[in-house]
Amino acid sequence: MTRNRYIGRCAAVALAAAVGLTGLPDPPGARAAAPSARPAAGSGHVYVANLHSDTVSVVDTRSGTVVDTVPVGDGPDSVALSPDGTRLYVTDSGADTVSVVDTRTRTVVETVAVGHEPSRVTVSPDNRNVYVANVGGGTVSVISTRSLAVTDTVAVGDAPLGLAVTPDARTLYVASAGSDSVSVIRTDTGTVTAAIPVGGGPTALALTPDGHHLYVSNLTSDDVSVVDTRARRETDRIRVGDQPAGIGVLPDGRRVYVADLGSDEVSVISTRSRTVTETVAVGDGPNGLAVGADGCSVHVSNFDSDSLSVIDTGTSRTVTVPVGDGPTGVTTQTPPR
């Protein structure tokens, strides 16, 4: 599988059909990944979905090595941890299922059937529900964490990808790549209350810690939309690198990191000036991105170089950890201190 089929086994195909693309171009002057090295001292684990390997790599952040590899379903594309860190949810894009992994035993304890081509997953802050974006079905599946069964299916825009839940767990945002919009869902009723127009091919979402602003990476317009969640409208658009994909906000809300798939770099945005203040070179085909819980590191999966880049947010120094084949989704876990 090549870059032309990034965003999951079938997600990129759905996106291309929706926005009139024939595929995603190779980046100009692609660079090799940075030499492998140990990350700075830290603690916890990073989980990386390997689309081609049908596995999840477990990376120890202190040693900077893969300490375990967990077999999951066909075409794992996205991963999300429960707030207590005991369960990992993995979208199996080729099997229309979600694998539920016990992080203590690192084994799949349940497999949940969801919609067509599940591509993204997130867990509500109150740990009551898991939300799954089904890119091929135009729906979001709602899984109860207690019963591990689908309790609702919500129709949204075309090719849903990115997901974000507000801190109070009352609102779910869904990036619909084929509709160039973000759907707003009331989680208590499962109803869509608004569709907010944004840039082209919205792919990933990140909320500020206070929930007042939503940052949207727009894959086909090479920019990031800033949405005022109270006014429910786009208030700004920030030009970034080529084909922005994964996105994350630091816990202090001051900076946003964006994985630029086509530029092999990460753009760093100041939330105060709403400008790109820095770019950081990473591996080939950066797509998934997760911010460490302490805000000291950002983790980027590099689809084309089978690696994980770890960025020190204080120094912007980057080291590289080899992982599985075709890494996509990534999430972090930091034990309490």
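Me: Is leucine 148 buried or exposed in this model?
Reply: The model is predicted. Buried means under 20% relative accessible area. Leucine 148 has a relative accessible area of 14%, so it counts as buried.

Me: Where does leucine 148 lie?
Reply: Leucine 148 lies in the loop between strand 10 (139-144) and strand 11 (150-155). Check its backbone too. Phi of leucine 148 is near 55 degrees, a positive value in a residue other than glycine.

Me: What is the phi of aspartate 222?
Reply: Aspartate 222 has a positive phi of about 55 degrees, and it is not a glycine. It sits in the loop between strand 17 (213-218) and strand 18 (223-228). Aspartate 222 is buried, with a relative accessible area of 17%.

Me: How do strands of a sheet pair?
Reply: They pair through backbone hydrogen bonds, either parallel or antiparallel. Here, an open sheet of four strands has the order 12-13-14-15, with antiparallel pairing. Its edge strands are strand 12 (160-165) and strand 15 (191-197), and each pairs on one side only. On average, neighbouring strands of this sheet are turned by 25 degrees against each other, direction ignored.

Me: How many bridges join strand 12 to strand 13?
Reply: Four bridges join strand 12 to strand 13 (residues 171-176), and the two run antiparallel. Take leucine 163: its bridge partner in strand 13 is valine 174.

Me: Which residues is serine 176 in contact with, leaving aside its neighbours within four places in sequence?
Reply: Serine 176 lies in strand 13. Its contacts are Val156, Gly157, Asp158, Ala159, Pro160, Ser181, Ser183 and Pro202. Serine 176 is buried, with a relative accessible area of 0%.

Conventions. Residues are numbered from 1 along each chain as its sequence is written. This is a predicted model: local features need pLDDT of at least 70, side-chain atom pairs count only at pLDDT 80 or more; totals for chains, interfaces and linings use all residues. Side-chain values use heavy atoms; hydrogens and water are left out. Two strands pair if DSSP finds at least two bridges between them. Axes are lines fitted to C-alpha atoms, for helices over the stretch in contact, and angles run from 0 to 180 degrees between N-to-C directions. Buried means under 20% relative accessible area, exposed over 50%, partly exposed in between (1.4 Å probe, protein chains only). Contact means heavy atoms within 4.5 Å.
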